[in-house]
Amino acid sequence: MKKPNIVFIVADDLGYADLGCYGGRDAVFGPVSPVLDGLAARGLKLTQGYANSPVCSPTRFAMITARYQYRLRGAAEEPIRSDSRGSSALGLPPEHPTLPSLLRDSGYRTALIGKWHLGYPPHFGPLRSGYEEFFGPLSGGVDYFTHCDSSGRHDLWDGEEDARHEAYLTDLLSRRAVDYVERMAQQDAPFFLSLHYTAPHWPWETRDDAAKAPAVKDNLFDLAGGNIHVYRRMVHHMDEGIGQLMAALEKHGLAENTLVVFTSDNGGERFSDSWPLVGGKMDLTEGGIRVPWIAHWPAVIAPGGESRQLCMTMDWSATMLDAAGVSAAPGYALDGVSLMPVLRDAAHSFDRPLHWRMNHRGQQALRHGDWKYLRVDGNEYLFNIPADERERANQARREPERLAQMRADWEAWNAGMPAIPPDATVSLGYSVKDMPQR
Ligand SMILES: [Ca+2]
């Protein structure tokens, strides 16, 4: 079979239950995510899939390297801040093999359309790490209309050239993705497209909210703005764009042998729906790390499948390499494990322990089988996730031996990772002074 095209679509701060196919409610205008719901119905939906981190840039390090992000200094930032421009340490080292560089070296055309958030030129950047094309912002968050980051700096790029456009960013990214597919359809090589939306990340602006941009200019966290209606519309704009992308693939007869994967880089933010999970962005409770995973590939994936396979972001990167028949680079063994057996047969499953740690609140977590070990602020918890997805029924006192074993397993894994650097930073956009916590 010809090598598949691969499209990796990543939403930003989308919660576990924001999509209709994950139990999300309709908006006042109707279904929020009909396109993604359709992809899930015609493909494979995973209900126990995770992000490598509950915050942006660490997950993106894991996504692009198919390895635990803790191995790289830049990924210790929670997250990389826009004032790290000029840093030669806080980014993805260009010499590190990546998902796009390995695919490119095996004959793929590669592009990143959307958010990078892995360090700034001249030391770092998508064109230095395997992408042949780049269109999008470099920082963690930009206004949808001015395309300026939280320091007020214009941050929309075409390659490494400043790109000025008068349009809503979600639509710009969708249009550019369609254009890329149109161009790729005119040539023979397979392509890898990373379509990394900033939606539905703050500021809370729909396509019709250009007039709001001046008011949030000095505080992109938009702490006085937003509501669930605006938020659902933002998700819907992204869903519409994915519909246009799928239509372009169909038009050129490419959809059948294109692996399309959709996820979020971390759990939900303040307006997200993560039911029945607790917590959100920055938390290692399920709401911070459990995310939607949808895979669509008619040539390989049977329609209507649902899987409870445990997996995290880097496993999908390993899956894409496997799908393309590409091996890891010598000296850079993958931590990610290919999910190809699950894509071929949704009933297939395998043992997959998953580890996390956060500088923020000293969080540690291990999900292994049904069980989850969690440590937050020095407190230890043990949950049976299928029995208690909401992590309210702490089994730590009832099962001290299991707790000790999982703690020991986490410690053994952690001993194989670099320690958290003492100068690593944690950046929170707001606190209890801005809004009450639950
Ligand atoms: Ca994010």
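**Close-up views of a predicted model**

**Figure 1. Arg361 is found in the loop that joins β11 (354-358) and β12 (363-368).** The structure shown here, as in every view below, is a predicted model. Phi of Arg361 is near 60°, a positive value in a residue that is not glycine. Most residues other than glycine have a negative phi. Is Arg361 buried, exposed or partly exposed? Arg361 has 15 C-beta neighbours inside 10 Å and therefore counts as partly exposed, since a residue is called buried at 20 or more such neighbours and exposed at 12 or fewer.

**Figure 2. Glu391 is placed in the loop between β14 (379-384) and α10 (400-415).** Glu391 is not a glycine, but its phi is positive, at about 50°. Glu391 counts as buried because 20 C-beta neighbours lie inside 10 Å, and 20 is the number at which a residue is called buried.

**Figure 3. The peptide bond from Ala199 to Pro200 is cis.** Omega of this bond is near -5°. Most peptide bonds are trans. Pro200 lies in the loop between β7 (191-196) and α5 (213-216). With 30 C-beta neighbours inside 10 Å, Pro200 counts as buried. Which residues does Pro200 contact, leaving aside its neighbours within four places in sequence? They are Ala11, Asp13, Leu14, Tyr231, Met234, Val235 and Met238. Pro200 and His237 are 37 residues apart along the chain, and their C-alpha atoms are separated by 9.2 Å.

**Figure 4. A cis peptide bond runs from Trp275 to Pro276.** Omega of this bond is near 5°. Pro276 is found in the loop between β8 (258-264) and α7 (286-289).

**Figure 5. Val7 is part of strand β1 (residues 5-11).** Val7 has 27 C-beta neighbours inside 10 Å and so counts as buried. Apart from neighbours within four places in sequence, Val7 is in contact with Leu193, Leu195, Thr258 and Val260. A view that also includes Ser82 shows a separation of 27 Å between the C-alpha atoms of Val7 and Ser82, which are 75 residues apart along the chain.

**Figure 6. The largest nonpolar core has 119 residues.** Nonpolar side chains tend to be buried together in soluble globular proteins. Ile9, Ile113, Leu193, Leu195, Ala295 and Met320 are the residues with the most contacts inside this core. Which element gives the most residues to the core? Helix α6 does, with eight residues. The core draws at least three residues from each of domain 1 (5-353) and domain 2 (360-415).

**Figure 7. Helix α4 (residues 169-184) packs with helix α6 (residues 228-251), their axes coming within 9 Å.** Two packed helices are described by the angle between their axes and the distance between the axes. The axes of α4 and α6 cross at roughly 10°. Angles under 35 degrees count as roughly parallel, and α4 and α6 are therefore roughly parallel to each other. On the α4 side, the residues that meet α6 are Thr170, Asp171, Leu173, Ser174, Ala177, Val178, Val181 and Glu182. On the α6 side, they are His237, Met238, Gly241, Gln244, Leu245, Ala248 and Leu249. By class, this contact of α4 with α6 has eight nonpolar, five polar and two charged residues.

**Figure 8. Helix α1 (residues 34-42) also packs with α6.** The axes of α1 and α6 are 7 Å apart, at an angle of about 55°. The two helices, α1 and α6, are therefore oblique to each other. Pro34, Val35 and Leu36 in α1 meet Asp239, Ile242, Gly243 and Met246 in α6. The residues of this contact of α1 with α6 divide into five nonpolar, one polar and one charged.

**Figure 9. Domain 1 (5-353) and domain 2 (360-415) are the two parts into which the protein chain is divided.** Taken over C-alpha atoms, the centres of domain 1 and domain 2 are separated by 28 Å.

Notes:
Residues are numbered from 1 along each chain as its sequence is written. This is a predicted model: local features need pLDDT of at least 70, side-chain atom pairs count only at pLDDT 80 or more; totals for chains, interfaces and linings use all residues. Axes are lines fitted to C-alpha atoms, for helices over the stretch in contact, and angles run from 0 to 180 degrees between N-to-C directions. Helices (H or I, at least four residues) and strands (E, at least two) are DSSP runs, numbered from the N terminus. Angles under 35 degrees count as roughly parallel, over 145 as roughly antiparallel, 65 to 115 as roughly perpendicular and the rest as oblique. Two residues are in contact if their C-beta atoms, placed from the backbone, lie within 7 Å. Ala, Val, Leu, Ile, Met, Phe, Trp, Tyr, Cys and Pro count as nonpolar, Asp, Glu, Lys and Arg as charged, and the others, Gly among them, as polar. Domain bounds come from an automatic or database domain assignment. A nonpolar core is a set of buried Ala, Val, Leu, Ile, Met, Phe, Trp, Tyr and Cys residues joined through C-beta atoms within 7 Å.
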